[in-house]
There are 2 protein chains.
Amino acid sequence: MSLIKLSDISTRAPKDLDKTDIKKKTEKMVVELDELQNLLFAEGKHAVLVVIQGMDGSGKDGVIRNVLGNMNPQGVTVKSYKAPTPEELSHDFLWRIHHATPSKGMIQVFNRSQYEDILITRVHKWCDDETARKRMNAINDFEKLLEQHNNTHILKFYLHISPEEQHERLSERMKDPAKMWKYNEKDFEEAKLWDIYMQMYEDCFNNCNSPAWTIVPADQNWYKEYIIATQLHQLLTGLNMQFPGMKK
Amino acid sequence: MSLIKLSDISTRAPKDLDKTDIKKKTEKMVVELDELQNLLFAEGKHAVLVVIQGMDGSGKDGVIRNVLGNMNPQGVTVKSYKAPTPEELSHDFLWRIHHATPSKGMIQVFNRSQYEDILITRVHKWCDDETARKRMNAINDFEKLLEQHNNTHILKFYLHISPEEQHERLSERMKDPAKMWKYNEKDFEEAKLWDIYMQMYEDCFNNCNSPAWTIVPADQNWYKEYIIATQLHQLLTGLNMQFPGMKK
């Protein structure tokens, strides 16, 4: 397996793509996703976990609203992970994560996830390298548990933006009244730690890559949404699901 | 590591023990356990998980009442695992277990546990050998998670009784008005599966023995309680706990 190096991966869509065409394809898939999710729910054999990670301003909320949020909320739930509460901190780091994992038939979206415990925590040195290694092993064991013991299919997305794009988006939050609520002066402080964040992300991808991460070029929303819709669409169609018929 | 063979282990106390003397020792420990638990709670650095397994009539409830139930219930909680609910069944088998694991400062008792998923389920062939192997690996990973990532100390007790003693106790449930509520005609059916249960227990001990199981001779309650009190007492005194002093 070749190692993931973020600086080798473009944050933009391939130049020859037709934006209008891609947007149409995404729209079509989003409609179909709603039907596929209904089938997943009805059949009740598989669980789906969608993990979304990315720097501030990388567009995590947008993906959830535009791609994942279009399905029936009865079968799709979103959990946003913030800084752990005192009760969460008094348990192992996967305790709060495991609790929110999907039951069969459900799609669970994690806006941030277990991976914060080897990202922000390492960047700020709240967690040493040895602990980080142990956490990575624990995450790998945990994802295997979900896959092997509840038929859970895990999609992991990293929204890959450039630091320039991030700066532009964070600055917008100071100007656009509809975005001001997202403004947090600390985000600019975090942005200064860009290089070390990239290093920790790479370490995470290269040690916790089964199931594999998708690095999503995310400077343009239309392309980011297309990639994520495509992956989820492929996963669900590949399950060969059937409506279960009348209960016996 | 030598393999555990239950038929080689006595279900009774060593003959030279003085019952009165042992009971006094247990009483003294039970008083001290209350103080040690208070210290565990105050310090808030360690978590303790006590797993109790055993055949019907092996005295699980008695241990909980007489040894573990003497401590402050604010710091000691008991979870009894019955057949899984539909919601629990729609998640991986460790989901309901992880949820009830102890936070730092707490003693959590499991009356039956994750091990039922490789015991009763195998005896009745609801779970094939390959799945059982995967579950054993998942249990080992899970216990490592609790130990490494929340400072959880796990004590695992198997209450080892003879089939004759079990028959006597189950029969009592039909005669003693204070025990009738425990009577379940299915218990006698399960008892007929004794040998296969012993085989599955041995397989479990020999594959999930880190942390190690204590096989507790349990035909006599006074000895069973002594062994369990001793183990918990040793664990807690070995933690070298300190009251944390004034908060800064």
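A salt bridge is a side-chain nitrogen of Lys or Arg within 4 Å of a carboxyl oxygen of Asp or Glu. In this predicted model, A:Arg122, A:Asp129, A:Arg133 and A:Asp203 are linked in a network of such bridges. A search of the whole structure, over all chains, finds 33 salt bridges.

**Overall form of chain A**

Chain A contains ten helices and five strands. Its radius of gyration is 18 Å, which agrees with the value near 18 Å that a compact globule of 248 residues would have. Along the principal axes, the C-alpha atoms of chain A fill a box of roughly 60 × 45 × 40 Å. Of the 248 residues in chain A, 55% are buried. Contacts between residues at least 6 apart in sequence can also be sorted by separation: in chain A, 82% of them join residues at least 24 apart.

**Individual salt bridges**

Side chains of opposite charge can pair when their charged atoms come close.

| Pair | N to O distance |
|---|---|
| A:Glu165 and A:Arg169 | 2.8 Å |
| B:Arg122 and B:Asp203 | 2.6 Å |
| B:Lys156 and B:Glu143 | 2.8 Å |

The pair in chain A sits within one element: A:Glu165 and A:Arg169 both belong to helix H7 (residues 163-172), four residues apart, or about one turn of the helix. Both A:Glu165 and A:Arg169 are buried.

In chain B, the closest N and O atoms of B:Arg122 and B:Asp203 are 2.6 Å apart. B:Arg122 lies in helix H5 (residues 120-123) and B:Asp203 in helix H9 (residues 194-207) of chain B, so this pair ties together parts that are 81 residues apart in sequence. B:Arg122 has a relative accessible area of 6% and is therefore buried, the cut-off being under 20%.

The side chains of B:Lys156 and B:Glu143 also meet in a salt bridge. This pair links distant parts of the chain, with B:Lys156 in strand S4 (residues 152-160) and B:Glu143 in helix H6 (residues 129-150) of chain B, 13 residues apart. B:Lys156 counts as buried at 1% relative accessibility, and B:Glu143 counts as buried at 0%.

**Backbone features**

A cis peptide bond joins A:Ser210 and A:Pro211, with omega about 5°. A:Pro211 is in the loop between helix H9 (194-207) and strand S5 (213-217) of chain A. In chain B, the peptide bond from B:Ser210 to B:Pro211 is cis, with omega near 0°. B:Pro211 is placed in the loop between H9 and strand S5 (213-217) of chain B.

Positive phi values occur at two residues other than glycine, A:Lys125 and A:Asn151. A:Lys125 has phi near 60° and is found in the loop between helix H5 (120-123) and helix H6 (129-150) of chain A. With a relative accessible area of 67%, A:Lys125 is exposed. A:Asn151 has phi of about 55° and lies in the loop between H6 and strand S4 (152-160) of chain A. A:Asn151 is partly exposed, at a relative accessible area of 33%.

**The segment after helix H10**

A:Gly245 lies in the segment after helix H10 (221-238) of chain A. A:Gly245 is exposed, with a relative accessible area of 57%. Its C-alpha atom is separated by 22 Å from that of A:Met71, 174 residues away along the chain.

Note on methods. Residues numbered from 1 in each chain as written. Chains lettered and ligands numbered in written order. Predicted model: local features only at pLDDT ≥ 70, side-chain atom pairs only at ≥ 80, totals over all residues. Heavy atoms only, no water. Helix = DSSP H or I, 4+ residues; strand = E, 2+ residues; numbered from the N terminus. Rg over C-alpha atoms; globule rule 2.2 N^0.38 Å. Buried < 20%, exposed > 50% of the residue type's maximum accessible area, 1.4 Å probe, protein only. Contact = heavy atoms within 4.5 Å.
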